[in-house]
Amino acid sequence: MTPDGKRKVLIISAPSGAGKSTLVSHLLEAGLPLMFSVSATSRKPRGNEVDGREYYFVTAAEFRRRVRRGEFVEWQEVYRDHYYGTLHKEIERIYGEGKIPLFDVDVMGGINLKKIFGEEALSVFVMPPSVEELRKRLIRRGTDSPVKIEMRVEKAASELLLADRFDFVIINDDLEKACTEIMRIVTEFIGQ
Ligand code: ADP
Ligand code: 5GP
């Protein structure tokens, strides 16, 4: 519950490399009553990722079983053979702690969650200054192979066309400005 007694949710989506994780971390460290919604995924853990912290890591067969059991609010095959989904149980866990779920989801997931939660949801699209800058950021980040970077950039071009389906678009050019703007929008939404 929030100060005004509503069960709100915050949705943040962006093409890969736009700066979504950077802005999500900023929000989570700001002391707002937000809690990161841990999704289930069938992709393998990377680097320091811990089961139950970044994701609930499951096999593709287990993921499909959970889909059949109706355990997901929404799910997507974000990349080929890599499933990601938001669990009903996770949202209840977060409300149980008196917090607002923060969904870090892909663009289609963001649009679907907004349809489900309607007025109770604030959906934010993080926009890179350009596709070229997006490519440069992915190269600088150094977490993906050149082939994967091109796949992400290609996907981004179609995702950018969906920005107007979100409540707010934040252009992440100057990071400090983007942080200030997202804080302003989210604080107002939470009602604090
Ligand atoms: P996403 O989660 O959307 O894939 P990240 O938050 O990982 O994106 O950001 C991609 C890369 O770009 C990271 O290396 C990050 O440090 C960098 N970055 C984020 N915002 C900016 C910005 N405004 N200007 C320059 N680099 C940025
Ligand atoms: P990564 O593999 O880099 O952690 O995530 C790939 C993409 O999947 C990111 O855009 C991330 O936001 C998205 N994602 C993570 N969890 C979910 C989810 O539950 N649903 C949807 N639709 N996308 C998700």
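The questions and answers below walk through the ligands and pockets of a predicted model.

This is a predicted model in which local features need pLDDT of at least 70 and side-chain atom pairs count only at pLDDT 80 or more, while totals for chains, interfaces and linings use all residues. Residues are numbered from 1 along each chain as its sequence is written, chains are lettered from A and ligands numbered from 1 in the order in which they are written, and side-chain values use heavy atoms, with hydrogens and water left out.

Student: How many residues surround ligand 1?
Tutor: A residue is counted here if one of its heavy atoms lies within 4 Å of the ligand. The closest to ligand 1 include Gly-17, Lys-20 and Asn-172. The number of residues that surround ligand 1 is 13.

Student: Which helix gives the largest share of the shell around ligand 1?
Tutor: Helices (H or I, at least four residues) and strands (E, at least two) are DSSP runs, numbered from the N terminus. Helix H1 (20-28) and helix H5 (131-141) each supply at least two residues of this shell. The largest share, three residues, comes from H1.

Student: How far from an oxygen atom of ligand 1 does a polar side-chain atom of Thr-22 lie?
Tutor: A polar contact is a pair of N or O atoms within 3.5 Å; within protein, one must be able to donate a hydrogen and the other to accept it, and residues adjacent in sequence count only if both atoms are side-chain atoms. A backbone N or O atom of Gly-19 lies 3.0 Å from an oxygen atom of ligand 1, and for a polar side-chain atom of Ser-21 the distance is 2.5 Å. For Thr-22, the side-chain distance to an oxygen atom of ligand 1 is 2.5 Å.

Student: What percentage of the area of ligand 1 does the protein bury?
Tutor: Accessible areas come from the Shrake-Rupley method with a 1.4 Å probe, and for residues only the protein chains shown count as cover. Taken alone, ligand 1 exposes 560 Å². The part of that area buried by the protein is 77%.

Student: How much of the accessible area of ligand 2 does the protein cover?
Tutor: On its own, ligand 2 has 520 Å² of accessible area. The share of it that the protein covers is 91%.

Student: Where do ligand 1 and ligand 2 sit?
Tutor: On a 1 Å grid over the protein atoms alone, a cavity is a set of points where a 1.4 Å probe fits but cannot get out, and a pocket is an open set with protein on both sides within 12 Å along at least five of seven lines; lining residues have an atom within 4 Å of a point. A molecule sits in one of these if more than half of its atoms lie within 2 Å of its grid points. The space taken by ligand 1, like the space taken by ligand 2, is the largest pocket.

Student: Which element gives the most to the lining of the largest pocket?
Tutor: Of the 44 residues that line this pocket, those closest to its centre include Ser-21 and Arg-46. H1, S5, S6, H5 and helix H6 (146-160) each supply at least two residues of the lining. With six residues, the element that gives the most is H1.

Student: How much space lies in the second largest pocket?
Tutor: Grid points are joined across faces, edges and corners, and a volume is the space filled by probe spheres set on the points. The largest pocket holds about 1,200 Å³. In the second largest pocket, the space is about 260 Å³.
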